[in-house]
Amino acid sequence: MSLAVTLSRAQEGVTAPQVVVEVHLSGGLPSTSIVGLPDSAVREARDRVRVAIQNTAFEYPNRRVTVNLAPAELPKDGGRFDLAIALGILAAGSQVPRERLDDCEFLGELALSGELRAVPGILPALIRARRAGRRIVVPRANAAEAALVGEADVLLADSLAEVCAWLGGHGSLSAPASATDFYDLPTCGPDMRDVRGQYQARRVLEIAAAGRHHLLMIGPPGTGKTMLAERLPGILPPMTESEALESCAIRSLSSEAIDPACWRRRPFRAPHHTASGVALVGGGSTPRPGEISLAHNGVLFLDELPEFSRHVLEVLREPLESGQIVISRAARQSTFPAEFQLIAAMNPCPCGYAGDPTHDCRCTPDQVQRYRARISGPLLDRIDLCVDVPRVPITHLTAPRGPHDDDSATVRRRVINAREKALLRAGQPNAELSVVNLERDCALPQAEREWLEAAVEKLGASARAYHRVLRVARTIADLEGGAGCVEQHHLAEALHYRRF
Ligand SMILES: Nc1ncnc2c1ncn2[C@@H]1O[C@H](COP(=O)(O)OP(=O)(O)OP(=O)(O)O)[C@@H](O)[C@H]1O
Ligand SMILES: [Mg+2]
């Protein structure tokens, strides 16, 4: 039979639909045609594949070769199908055995020498192939990406010759170096060790990272608020595969590039305070995701919080609670996920120096009042952690680092441990614990309960604030290590970070 079928995958946004490559050899004048809506790069595969096959010491069929890429309506671009086409031609001409072709998929661009070249964006293809229960052969040049996917059944090859030898049973293909351990992904970006002093702010940042709590930092100019926030991505736990795929999907809707090397890193979005409501929450006649959706599963950093327009801040309230945003337009309604962690920074007053012992504040009480009122009570009520970031004495900047100056990798290890406990217990980070789970996981002994009730009553806190204190206390207990219950000192620390 001179018909052979091989499997490959196209790329469409964040999905990788399957492409069936059918090759038929028939009599007639020697020619090759590729059908099934291929773009010019795929059409050129004709020449690449012919020369690569000849340079691999096989014969290119001296017959009429028809290659069909199905389904036809799927747009196909690039050289990613070269390997599948070449193997299809060789199998149709009985030059390689077909047994292994059925449970295997192939991706890779061929060089004229028969070497395999990397193809962009193979991650979705690897994940889909695994779901389909098939192995997938990819160029060794894609090994780094392949390792990210974890235990997928991936095989790496250098050349067409190597793949053919493997199909013939006299050669083996290696798997990617035992997939990068989920937890050993290198931390990226600036390191926590650069921040000097600010032990309390660093501690709060760690709590925020472990429990996914929203955080507000208040302090005079130049004390390290922006610096701290920029170091948060380096200490957050990596995304799970499904989280990473969701985030990739949103990015592809906004036509932003997806960097496979960073695909498990949590997004960090820092829109400027002049950003419009549409830029922040999304919109447009065909609704597109805004910054809060691009920050899904990651961090939305609002620096200089009071400078954002009040209207813009108010629209954040609903997604902060529901984790999604519904954008209604005359023609259609779109829902985008928006489960982001809000990190905000602000000065205590317009001149920035209220409460700073080394500077006189030039603002009138009225100005300070108006400045702070730009952040509404309901928004503040949703922020679990609030911390002062005071001026650090200059001597701290030059003092040698002490045992408490942990680097990002150390902090992240603690954060991952604490987050794992929360996920094991309730399947969600502590900040999102439902009230039912909260009662189960933060059950307080009578004395502690009475103590907290009295404290909260005295501070005039809302019911939401009460629950939020409990959630933060749970995170603090998780960070402490052991399987401990929530105790009074955890509650006291949690209360300390709350503004009422
Ligand atoms: N705790 C610190 N340790 C080391 N360097 C610091 C620290 N605080 C501030 N700096 C230095 O000051 C610079 C400004 O810090 P940063 O931008 O974080 O201040 P800020 O608190 O965000 O100020 P503003 O309120 O004006 O935005 C940093 O780039 C760094 O060089
Ligand atoms: Mg700043």
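Which residues does glutamine 341 touch, not counting residues up to four places away in sequence? In this predicted model, the list runs to Ala208, Ala209, Arg212, His213, His214, Leu236, Gly298, Val299 and Leu300. Glutamine 341 sits in strand β17, which covers residues 341-346. With a relative accessibility of 1%, glutamine 341 counts as buried, because anything under 20% does. Its side chain also has a polar atom placed 2.9 Å from the backbone oxygen of alanine 208.

Now for the overall picture. The C-alpha trace spans about 90 × 50 × 50 Å along its principal axes, and the fold has 21 helices and 18 strands. Of the 500 residues, 50% count as buried. If you look at contacts between residues at least 6 apart in sequence, 73% of them join residues at least 24 apart.

| Domain | Residues |
|---|---|
| domain 1 | 3-167 |
| domain 2 | 192-407 |
| domain 3 | 433-500 |

Let's look at how domain 2 and domain 3 meet. Their C-alpha centres lie 24 Å apart, and the contact takes 20 residues from domain 2 and 14 residues from domain 3. Together the two domains bury about 1,600 Å² between them, and carbon and sulfur atoms give 46% of that area. On the domain 2 side, Asp381, Asp384 and Cys386 lose the most area to domain 3, together making up 34% of what that side buries.

What about the nonpolar cores? In soluble globular proteins, nonpolar side chains tend to be buried together. Here, the largest nonpolar core has 45 residues, and those with the most contacts inside it are Leu215, Met217, Leu232, Ile343, Leu385, Leu452 and Leu470. This core draws at least three residues from each of domain 2 and domain 3. There is also a second, separate core of 42 residues, including Ile89, Ala92, Phe106 and Leu110.

Note on methods:
Residues numbered from 1 in each chain as written. Chains lettered and ligands numbered in written order. Predicted model: local features only at pLDDT ≥ 70, side-chain atom pairs only at ≥ 80, totals over all residues. Heavy atoms only, no water. Core = buried A, V, L, I, M, F, W, Y, C linked by side-chain atoms within 4.5 Å. Buried < 20%, exposed > 50% of the residue type's maximum accessible area, 1.4 Å probe, protein only. Domains from an automatic or database assignment. Helix = DSSP H or I, 4+ residues; strand = E, 2+ residues; numbered from the N terminus. Polar contact = N/O pair within 3.5 Å; in protein donor to acceptor, adjacent residues only side chain to side chain. Contact = heavy atoms within 4.5 Å. Buried area = accessible area lost by both parts, 1.4 Å probe.
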